[in-house]
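Here are a few exercises to work through with the model open on your screen. Try each task before you read its solution.

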Amino acid sequence: MLEIKNLHARAGENEILKGIDLTIAGGEVHAIMGPNGSGKSTLSNVLAGRPTVEVTAGSVTYDGKNLLELEPEERAREGVFLAFQYPVEIPGVTNSYFLKASVNAVRRHRGEEELDAMDFLQLVREKMKAVEMDEKFLHRAINEGFSGGEKKRNEILQMALLEPRFAILDEADSGLDIDALRIVADGVNRLRGPDRGMLVITHYQRLLEYIVPDFVHVLAEGRIATSGGKELALELEERGYGWLETEPKGAAAG
Amino acid sequence: MSALSEASEHLLGLHEPVMARGDGALAALRQTGRDHFAALGLPHPQLEEWRYTNLAPLAKERFTLPARRAVSRADLEAVACPVFACSLCVFIDGIYDPALSALGAGADLHVESLAALSASELAQSAAGLDTLVDGKLHPFAALNTALLEDAAIVRAPRGTRTAEPLHVVFVSTGAGEVRSPRLFIVAEDDSQVRVIQDHVSLGGESGLTNAVTEVRVGSNAEVDCITLQRDTADGFLVSNLAAQVERSGRFGSSVLTFGGRLVRNDLSVVLAGEGAEARMNGLFVGGGKRLIDNHTLVDHAVPHCTSHELYKGLLGGQSRGVFRGRVLVRPGAQKTWAEQSNPNLLLSRNAEIDTKPQLEIHADDVKCSHGSAIGQLHEEALFYLRSRAIDEHEARGLLTRGFAREVLDALPVEALREGLEATLEASLGEAAQDE
């Protein structure tokens, strides 16, 4: 479903990704862990198409298409979804208007009929119930004045509405208490399926107790330093990230 | 003779035919206006108050007095609907039209046409008219008085509270004409009233609309005055709004500008009694080559008064905006709380805004703040929307509308918030065109 080859990228003057290779097949959940500054968020931004990140070498193929050629909105319509680490507050634009515009943009692209106000309301109510979000958030401006947990739930709500084929969760657990974490994780787990790929980016192992990955990769200094199964996350929890720097790079690749 | 003084002479010349139309009771008032305008003439850009707004394009025009075309109810509904209130009061080119008006829903509120008043009624109902806007300082206000034929006189008697707002519609009908809309609001002590003054046009897209509004807010009274400049046209729009607020009174003004080739609004509020409060909101949306200039003044004359001001500008194309917000805290006006903010959004490289807060503080125990900002659309927000499948064009539109909505959502008449949607859309559409 997604194939990343020798990806190099920079933000501003700094080269942050220095050659990432990663293949994600349908049905797989991959976790990316790593210390701060290792390039985790840059990777998610490259995949979602953030204009401030510049790809300098390498390729990303998604369902046989060159993902890097697509505009952010085209990627979203093709089923790529990024749950933001810091969801943006947008005063003056109501959540309901935004969600409906978003859902209908995807539906148009898929050749499906757009939802009218009533159908949309029915759909969004159902999805909101699943993420335990009060309906009043529909009438609020996008993320404006939302707590950290409410913002993250709003992200998961959007994901549930758009039903992406490939979802990236960037630090979905940051700033969440255990209840909110469970709600977010449940939302993600509901979407898991044979046709869907997921990339879960996290600093801590905690989230991976709730969203159990098939593969874990450790990112350090812009490269994947080591990969393994879900047990790698536990090892990292015990040993921290310090040991990565001491082991020779060649031995870690795998 | 300069172009400005030639144009001033021409405008002065329009005074005679208005005098010849009669209305003896108003003659003295008009004469005062004429004399003030004759002394001042049209302002030139060397004056600090007019530095950014050159009236040369206006000076090229030779406006005529309104010929006054008949307006049908259907015509009116096409431009002034929805009617945002129970009571509707319609003026065609500055003259009251009883057939199109529907007064009486708010039984406590007195709404009268100045022209219909006898000399003795004039002395009573319109007492204080033309005392708040200083014609010796404001040439356009003086010109309005010089050409005055009618006015809406709105009086909320002591202790009355009118639940529904009053919708006063000023229609302009003829090209190249000068209209002099006039509104006088008196809220007696402990009363409350909301007035929407709605400037629209039916064939009066060009010409000069020169409006004057005066508002007296009595002790513990509340007035909200919403000014809609919706004549989305190529005309010159000038307005002077002056309010005086007595002890514990509250005055709210919202000025929303959606059109006009050259727009100049002067708003001045005097907080004259302790505990008085002013809220001054504004939104101006410009595209093409429009120039929209807002000059505001809040005068904290006594202690313990509060003012909050928010003017938002949204400019595209080659349009220009001007904002000057003067806050005057007079000696002894302690415990003043004055806030001012003027965020602006530029949608094109060629749009421009000159923004200048001007705080003159002559007391030491005060809380005053101001902020102005000029920005483009928030890139982070744009990316967020696009990452949710919304295309760039639509995302820009959403963010732009969101920026404008803050002022709309704060309007004290709920029906207006949605009711102005189409007007806002049309203006934003024009502002988004990059020419």
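**Exercise 1.** Find which residues Arg264(B) touches, not counting those up to four places away in sequence.

*Solution.* Start with the location: Arg264(B) sits in strand β13 of chain B (strands, E with at least two residues, and helices, H or I with at least four, are DSSP runs numbered from the N terminus). Next, list its contacts (heavy atoms within 4.5 Å): Glu49(B), Trp50(B), Leu237(B), Val238(B), Ser239(B), Asp293(B) and His295(B). Finally, check burial: at 1% relative accessibility, Arg264(B) counts as buried (under 20% relative accessible area; exposed is over 50%, partly exposed in between, with a 1.4 Å probe and protein chains only).

A word on the ground rules: this is a predicted model, where local features need pLDDT of at least 70 and side-chain atom pairs pLDDT 80 or more, while totals for chains, interfaces and linings use all residues. Residues count from 1 along each chain as written, chains are lettered from A and ligands numbered from 1 in written order, and side-chain values use heavy atoms, leaving out hydrogens and water.

**Exercise 2.** Work out which polar partners the side chain of Arg230(B) has.

*Solution.* First, find the loop between β10 (222-229) and β11 (236-245) of chain B, where Arg230(B) lies. Then look for polar contacts (N or O pairs within 3.5 Å; within protein, one atom must be able to donate a hydrogen and the other to accept it, and residues adjacent in sequence count only if both atoms are side-chain atoms). One of 2.9 Å joins the side chains of Arg230(B) and Asp198(B). The backbone oxygen of Val79(B) is 3.3 Å from a polar atom of the Arg230(B) side chain. Last, note that Arg230(B) is buried, with a relative accessible area of 10%.

**Exercise 3.** Say which residues are buried in helix α8 of chain A, and how they are arranged.

*Solution.* In residues 231-239, pick out Leu232(A), Ala233(A) and Leu236(A), which are buried. Looking down the axis of α8(A), the buried residues fall within an arc of 105° (taken from the directions from the axis to the C-beta atoms), so they line one face of the helix.
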